[in-house]
Amino acid sequence: MDGSYSMQTESFKFLSETKRNVWKGEDHREPSCCLSVSGVSYTVSERLGPWWDVPSYRKRWTRQILNDVSFHVDSGQIMGILGNSGSGKTTLLDAISGRIGNSGTLLGEVFINGRKLKRAEYQDCFSYVLQSDTLLSYLTVEETLTYTAQLALRQHSAEAIKKKVSAVMAELSLTHVAHSVIGGRVFPGISGGERRRVSIAGQLLQNPRVILLDEPTTGLDSMTANQIVVLLAELAMRNRIVIVTIHQPRSELFNVFSRIAIMSRGELVFCGQPGEMVDFFSQCGYECPEYCNPFDIYVDFTSVDTRNSDREAVTFNRMHEITSSYQRSDINQSMLGKIEQSLQQSDKPAIPFKSKESPSGAAKLGVLIRRTVRNLSRDRMGVLMRLSQNLIYGLFVAFFVIHLDNNVNKGAVQDRIGIIYQSIGASPYTGMLNAVALFPALRAISDQESQDGLYSKWQMFLAYIFHILPFSILSVFIFTSFLYWTVGMHPETLRFLCYTAVVLVPHIIGELLTVVLLGVVQDPNMVNTGVALLNIAGILVGSGFLRSTAQMPTIFQWLSYLTFQKYSCELLIVTEFHGLELTCNTSRPLPGACLITDGGEIIDAGYPGALSRYTLDFVLLYSFLPALLLLGIISFKIRDRLVRH
């Protein structure tokens, strides 16, 4: 069997001898870094039933996700972790990288160069490439890496950052696509393998010594997947430690990995060199048939088949026997000896943390704003819709109103109140739609990059808000310029500017409130519904259109002070009706209609004292913006605890 398999792999050389010699010439030192993981276990407590089944919901059961996992890897080695779905591969990476979350109980220790690593230091030591590539679609490869470098590195000139980015692109064979956009579902960009290499390149900018990758070949064809693994092996040989979880690698990659680990049901069934794996399973009585992929065969031998209870019992016993044999084997004892040797070493090298040259908070915010503006401004359709959606809505309103009349019998009061209602009630929805369409992608980026230590999630929130301000101002100005003068509202420039300033706030609040809720609520559809209901409730309680505020129950009168609609409606009512002279058709008057001859009567009847509160209402209306900004910062600080990656 050994001979037949060596013939298959002999023709596959992922590194030429010349390349090996070059790298040996670059660094004559012995590997100066080692990673030891000792006794890592992880358990979670889950409820038995759904929330509506109270008796079962109160009961919990404990599930063992990881069970006493230990291994040792030295610099220059690449370790592949294999196993079927649910075997605990990703959870193991999450555990040793500090991204496991707070929902379970984590035991065990992680050592770098024999020094115990604190949980708070995991993020500063390990680089983690997630299974999915979260990249901004409209940026080029070079721009993506440049902005990442600017977020990660301080005291580096623009020229130094450019050289750093160029070196990383050359190391990962990305130079030929440096000026190509990343692309996405809507429009094409670079290939899937190139996107994966961009994700890896972003991690290399901080010079990590330990790189963890979760399923880096997922979604790629077999040739591209092989190229990614070969590339990772090359990165490992440059004095790094690379740990990869992988599904169904081709047999040609057998000798690419320095160490191979197989997991099943949260346990480490085997961990050793490729040649040791073949000998170990053969001694256990599970030989790999000729011309078969040993990865597939050995994973099948160690997997538990859950299709029926009998089959599950048989396969579980087989897995347990192999695990017990491994724990008693010389391979495992040798590995445990290396861990003990690294811990007892007298002169232990320092822990090789990633580059900690992070810029100041203000500098990071500036980089995030520039990156967000550049990415979203290239979305031509998105920019066009953002600027025109309020105008499109204004066209519908203007079409129905046509032209305002001062004759009470012809709807002078009703039409003006209708326009005010639509201006205040509809503008938050357009802001909400913008946020739901654009921010979730940025939120995914911030979730990953904040875990990498580049910045805090609330800084991305502020960057997005500062980015939307000029778009919001311009969009609302286009809307009000068309609607105000087309339908013939009070023809004074100062009143028009006041009208624009008032309508601007509900539009911004709609988008701002949506982003705030997206910090703590994962599903955008739920946020969409929540913001819509809050807007409707605010209109009912605060506007005074459905029922006069003075006639509402006391509790609703107090609640109206918490709605921006109260101040917006009062301001627009005063802006439009103060000093407005109304006429009446005396030939066929409506009952009681001719009692109204001045707009001030509308103000006094529905909003008594609003004229004297005009300035105060402006201050209170605009105070909602900093209040929501502060609430957003709190929301995304809470998200730091809710979302681990």
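Predicted model: local features only at pLDDT ≥ 70, side-chain atom pairs only at ≥ 80, totals over all residues.
Residues are numbered from 1 along each chain as its sequence is written, and side-chain values use heavy atoms, with hydrogens and water left out. Helices (H or I, at least four residues) and strands (E, at least two) are DSSP runs, numbered from the N terminus.

**Strands**

- Strand 1 (residues 34-47) is largely enclosed by the rest of the structure, because 10 of its 14 residues are buried; buried means under 20% relative accessible area, exposed over 50%, and partly exposed in between, with a 1.4 Å probe and protein chains only.
- Strand 1 also runs antiparallel to strand 2 (residues 60-74), joined to strand 2 by 11 bridges.
- Glu46 has Trp61 of strand 2 as its bridge partner.
- Val44 has Gly104 of strand 4 as its bridge partner.

**Salt bridges**

- The whole structure holds 18 salt bridges, each defined as a side-chain nitrogen of Lys or Arg within 4 Å of a carboxyl oxygen of Asp or Glu.
- One of them joins Asp452 and Arg99, at 2.6 Å from N to O.
- Asp452 counts as buried at 6% relative accessibility, and Arg99 counts as buried at 4%.
- Glu511 forms a salt bridge with Arg386, with the closest N and O atoms 3.1 Å apart.
- This pair also links distant parts of the chain, with Glu511 in helix 18 (residues 493-520) and Arg386 in helix 15, 125 residues apart.
- Both Glu511 and Arg386 are buried.
- Glu109 and Lys116 meet through their side chains in a salt bridge of 3.2 Å, N to O.
- Glu109 is partly exposed, at 31% relative accessible area, and Lys116 is exposed, at 51%.
- A network of salt bridges links Glu143, Arg374 and Arg378.

**Largest pocket**

- The largest pocket contains about 850 Å³ of space; on a 1 Å grid over the protein atoms alone, a pocket is an open set of points with protein on both sides within 12 Å along at least five of seven lines.
- Grid points are joined across faces, edges and corners, and the volume is the space filled by probe spheres (1.4 Å) set on the points.
- The lining has 30 residues, of which Ser137, Tyr138, Val186, Ala437 and Ala441 lie nearest the centre of the pocket; lining residues have an atom within 4 Å of a point.
- Helix 14 (361-377), helix 15 (380-401) and helix 16 (412-451) are the elements that give two or more residues to this lining.
- Helix 16 gives the most, with nine residues.
- The lining divides into 17 nonpolar, eight polar and five charged residues, where Ala, Val, Leu, Ile, Met, Phe, Trp, Tyr, Cys and Pro count as nonpolar, Asp, Glu, Lys and Arg as charged, and the others, Gly among them, as polar.

**Annotated spans**

- The unreviewed UniProt entry lists residues 383-402, 461-484, 496-520, 526-546 and 619-638 under "transmembrane region"; such annotations may be inferred rather than shown by experiment, and the positions are given in the numbering used here, with feature names shortened.
- Residues 461-484 are 100% helix and 0% strand, with end C-alpha atoms 33 Å apart.
- Residues 526-546 are 81% helix and 0% strand, with end C-alpha atoms 27 Å apart.

Note on methods:
Pairing = 2+ DSSP bridges.
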